[in-house]
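Colleague: I'm new to this one. Can you walk me through it?

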Amino acid sequence: MADERIRKKAPSGRIEAEYAPFAAEKAKALERDLKATLSCDVDFGPQGRALFAADASNYRQVPIGVVTPRTREDVIEAVRLCRKHDAPILARGGGTSLAGQCCNVAVVIDFSRHLNRILSLDPDQRTAVVEPGCILDTLRNAAEEHHLTFGPDPATHDHNTLGGMIGNNSCGVHSVMSGRTSDYVERLTILTYDGHVLDIGPTPDETLSALIQTGGRQGEIYKALLALRDRYGSLIEQIYPQIPRRVSGFENLDTLLPGHGFNVAKALTGTEGTCAIILDATLRLIPSPPCRVLCLMGFDSIFEAADAVPDVLRHGPAALEGFDDLLYDAVKRGNVDHRGLRFFPEGKGWLIVELGGNSVAEATAKATALQAAMEGRCAASIVTDKKQQKQIWVIREASLGATAFVPGQPDTWPGWEDSAVAPERVGAYLRDLKALFHKYGYNPAVYGHFGDGLIHCRVDFDIRSEEGLATYRAFVTDAARLVTDYGGTLSGEHGDGEARAELLEIMYGPDLVNAFRAFKAIWDPDNRLNPGKAINPYPLDANLRLGPGYDPPKVETHYAFPADKGSFARATIRCVGVGKCRRKDVGAEVMCPSYLLTNQEKHSTRGRAHLLHEMVRGGVIEDGWDSAEVEDALSLCLACKGCKRDCPVAVDMATYKSEFRAHHYAHRRRPRSAYSFGLIHRWAQLAEPVPWLANFAFRTPGLASIAKWAGGIDQGLDVPAMARQSFRRWFRRRPSRTAGERVILWPDTFTNHFRPEAAIAATRLLEAAGFAVHIPSHPLCCGRPLYDWGMLDRAKTLWEQTLAVLADDIAAGTPMIGLEPACTSAFKDELPNLFSGRKEAESLSHQTIHFTDFVEAHIDRFPEPRRGGHAIVQAHCHHHAIIGFDSELSLLDRLGLTVERPPQGCCGMAGPFGMAVETARYGAEIGERALLPRIRAASKDTIIVADGFSCREQIALRGGRTAIHLAQLLAERMLS
């Protein structure tokens, strides 16, 4: 077909190009046909198009629409209808591509939500058949039951898809042992744009001849492939780099050559969705080393670490990673769990070497031999503990996010993050690459798969100005020449997409690039599969998400957004798209409970961030703060703050949601539950003199139904009963104690009016330790339930009251001790964000400390406890995300308890979320993922500990057990 690209000039004269937009009337006709024919989700509206307009790269292209197939038949029918309307198609997996492969002006077919199963696993044949949306770790976990694994394992292994790995020919940390994805592709079932379903794989000569003689579409394809092989075979043998990490271009055409089995499945691997659509893949599995240890080596520089690679490789490592001092510092300063850094020996450049064996002793012996061989060249330490090893790998896997937004440093971007050379040349190449970076004024941290000669980095490119883009283009052109001179490749893992495809002629020359074009034309002659990527690409500086044309309006906000220079627009681009929020196994982390439940992009932190970005920039979402699409996506955000802690770039969706709703509902009525829960401090104070009356209203049949309806509360749930006596009343009536150091105990609304036992226990404990416990002279509230619904003006009013009442204690620096994690986190998080620059607000935030942190800091003053027992501990999300849970665990250890923490993070209650009529069923389902079944299965003598009021109520209402605050358990063990 004729090239449909249109060309335009940027203000500087730089030439951009993009495909002519798909006509709106054609899109509407296609949408009608898809919705009339398919039973799956079809979204051509602003929400779907905004969600899939970007990936993890620098690029943005708004799709025509999104189809989320449930079955293979849905895919085939969707392609048929797209072909009928002449619409381009982008097959998409996890959307984590760094070179722009996963965004296009096309119909996006999202395989990740439903077509994600393992269809079969044969441990005897060591093969598995998977759907393209299957997550890598889903396969690896299933294979490990048979002591097998899938070799390649990128850092995104717990949320990337195997279809995407095949598209990119991904590798990963263990590629030094196991190679590239193409090494494991046995067969593919594919769908061509013209509607043919083909089973492809290795093709013996007699089979090849028979297929060509039979004719038909498959025969035509194989005949053309044979002709392409014969024409370009000698050139392929002559020019293709013979290095482990060759991923640029159509890098597997050599599998069509004689002696390679004419393996068409391998030849298609790495073509980035530009030739065919994968329906299923038969993959080879390999034995998994049962035991592994790490040897960490510290060198005087990253260059010396790179020089040591050939010598380390002689010891047969399973993984060999490099890590420089700039990355070390970025990890230490960023949002990454950096506990693993304590195991690194002295140095300014490191190698992380993993060695495997059939036993820990065997693996340790290999590590010891390596350590001895490297004596005098580096400092080295051996790590055998699996938990400690995991902490080290967490650091390495989070490197991309850790280097994106380093406080006090320029923002960094992909673009030249993936070059590779032969392992024996990595030291020399890295020196020249660093020199080239410095020549252009860049100073990136570097890391990567040094055992395969691959260098990863994010670079402080200026992509916002025309001058900066000109420098960027000049740099990547010089960098392409440099890596080619070293016999290397532009990409060793992430592919070319739009970021590097324009540079392929430097690496391969014009004739081989013509061979790539011919290969694509054999499969997709009309250029309808992922056009403009990999082959006949857009310019590398076109279609930029944040290019010179990006000029978002400045919006007035309630929060200060200090981490984003006071800009909400900048906050919405904090997400770098790596998709950690899309994991299915979160362990002790929290992010992202709603995505874990629905498996929908709009309910992931990444999806919500992309929607907010599109809302700010306008175009796709045109109604700004009034957007129903953004509100829909945020409606299932539990405001758990898990993303602020667990996201490697600290995307803070709870705050973004609060800000959005403050504007969205400024001139419209909120649901009833927003007022019943949001103003709980007011209703509780009114009911304090007559708590029995409130309990009567919510417990009397008929009357309770009316009360729940009025409050927007789910009819199937019991409302927590108010205490007969509030904590404040108990505190006023008790004998006062004035001796000792003054502390303020914060009687939050929930503890004060509903569960005062925790505050009473805390008071007794603190006084036993010699502290003089006081409470505020007037009833106060941090307004925690107000933030979720954006009632920020009301929240600010409550804070002003708090600052006034506590003025003397703030000035005196009196410790403020919180018992409820949700409220303590409000002092640490919302207070300074809403009152940025207010000295008294910042002082109060610093003076506030959670009860368990305070006790742990003064543990020598508390009595020795009775020890023993077993406890299930549910950490409140805010405790995990804002406060930190280490002190809690330390105190539980002092009690001699065997502690169990259920996985999957959030309990599902999350304040009003688990009780409001709009969201109660989702809160129940989140709880049922892990926590509630474990609670029900616990023995009667198992202690259930949960500091969060919401967590305790979820456990009581839906788990049938009573949970206690740690203060109650400490008082019981220390004072009785």
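Modeller: Terms before features: helices (H or I, at least four residues) and strands (E, at least two) are DSSP runs, numbered from the N terminus. This is a predicted model, where local features need pLDDT of at least 70, side-chain atom pairs count only at pLDDT 80 or more, and totals for chains, interfaces and linings use all residues. Residues are numbered from 1 along each chain as its sequence is written, and side-chain values use heavy atoms, leaving out hydrogens and water.

Colleague: Okay. Which helix gives the most to the nonpolar patch?

Modeller: Helix H28, residues 691–699, with three residues. The patch consists of Val690, Trp692, Leu693, Phe696 and Leu703. Together they have about 490 Å² of accessible area. Patch members have over 30% relative accessible area and no salt bridge; like charges are joined within 9 Å, nonpolar side chains (Val, Leu, Ile, Met, Phe, Trp, Tyr) within 5 Å. Areas come from the Shrake-Rupley method with a 1.4 Å probe, and for residues only the protein chains shown count as cover.

Colleague: Why would spaced residues point the same way?

Modeller: An α-helix has 3.6 residues a turn, so residues three or four places apart point the same way.

Colleague: New topic. How many aromatic pairs are there?

Modeller: The whole structure has 36. One of them is Tyr328 with Phe344, edge-to-face, 6.2 Å centre to centre with 70° between the planes. Rings of Phe, Tyr and Trp (its six-membered ring) pair if their centres lie within 6.5 Å; planes under 30 degrees apart count as stacked, over 60 as edge-to-face, the rest as tilted. Tyr328 lies in helix H12 and Phe344 in the loop between H12 and strand S16, so the pair ties together parts 16 residues apart in sequence. Both Tyr328 and Phe344 are buried.

Colleague: How far apart are the ring centres of Phe771 and Phe854?

Modeller: They are 5.0 Å apart with planes at 65°, so that pair is edge-to-face. Phe771 is in strand S20 and Phe854 in helix H38, 83 residues apart. Phe771 is buried at 1% relative accessible area, and Phe854 is buried at 3%.

Colleague: Now charges. How many salt bridges?

Modeller: The structure holds 59. Each is a side-chain nitrogen of Lys or Arg within 4 Å of a carboxyl oxygen of Asp or Glu. Arg431 and Asp307 form one, with the closest N and O atoms 2.7 Å apart. Arg431 is in helix H16 and Asp307 in helix H10, 124 residues apart.

Colleague: Are Arg574 and Asp564 buried or exposed?

Modeller: Both are buried. Their side chains meet in a salt bridge at 3.0 Å, N to O.

Colleague: Which residues join into one network?

Modeller: Salt bridges that share partners join Lys641, Lys644, Asp652, Arg784, Asp829 and Glu830.

Note on methods
Buried < 20%, exposed > 50% of the residue type's maximum accessible area, 1.4 Å probe, protein only.
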